[in-house]
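Colleague: I am new to this structure. Could you walk me through it, beginning with the terms I shall need?

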Amino acid sequence: SIISSQFSFFPTASTNPKAALKSKIVAEFRPQSLIDELLLYKRSEDQIELKEKQLSTMRVDVCSTETLKCLKGKA
């Protein structure tokens, strides 16, 4: 038809490998798994922040090997 011959210059997913790959990625995208990974990462970051705050409030003699052993045991 006249219309299809006029617009044949537009690449379709079947003729353009990049477009096909993008279509596949979009079709297979599962946002819940991404959300789960981000939540795990956030939880880990929160734990690190909490431990840093706890350590900053403690007054520790870093020269004492006994104190460092106790801290290592709690980690």
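Modeller: A salt bridge here is a side-chain nitrogen of Lys or Arg within 4 Å of a carboxyl oxygen of Asp or Glu. The model is predicted: local features need pLDDT of at least 70, side-chain atom pairs count only at pLDDT 80 or more, and totals for chains, interfaces and linings use all residues. Residues are numbered from 1 along each chain as its sequence is written, and side-chain values use heavy atoms, with hydrogens and water left out.

Colleague: How many salt bridges does the structure hold?

Modeller: There are two. E49 pairs with K53, with 3.4 Å between the closest N and O atoms. In the other, K42 pairs with D46, and the closest N and O atoms are 2.8 Å apart.

Colleague: Where do K42 and D46 lie?

Modeller: Both are in helix α3, four residues apart, about one turn of the helix. E49 and K53 are likewise four residues apart in helix α3, so about one helical turn separates them. Helices are DSSP runs of H or I with at least four residues, strands are runs of E with at least two, and both are numbered from the N terminus.

Colleague: Is E49 buried, partly exposed or exposed?

Modeller: E49 is partly exposed, with a relative accessible area of 42%. Buried means under 20%, exposed over 50%, and partly exposed in between, using a 1.4 Å probe and protein chains only.

Colleague: Changing topic, how many helices and strands does the protein chain have?

Modeller: The protein chain has four helices and zero strands. Buried residues make up 1% of its 75 residues.
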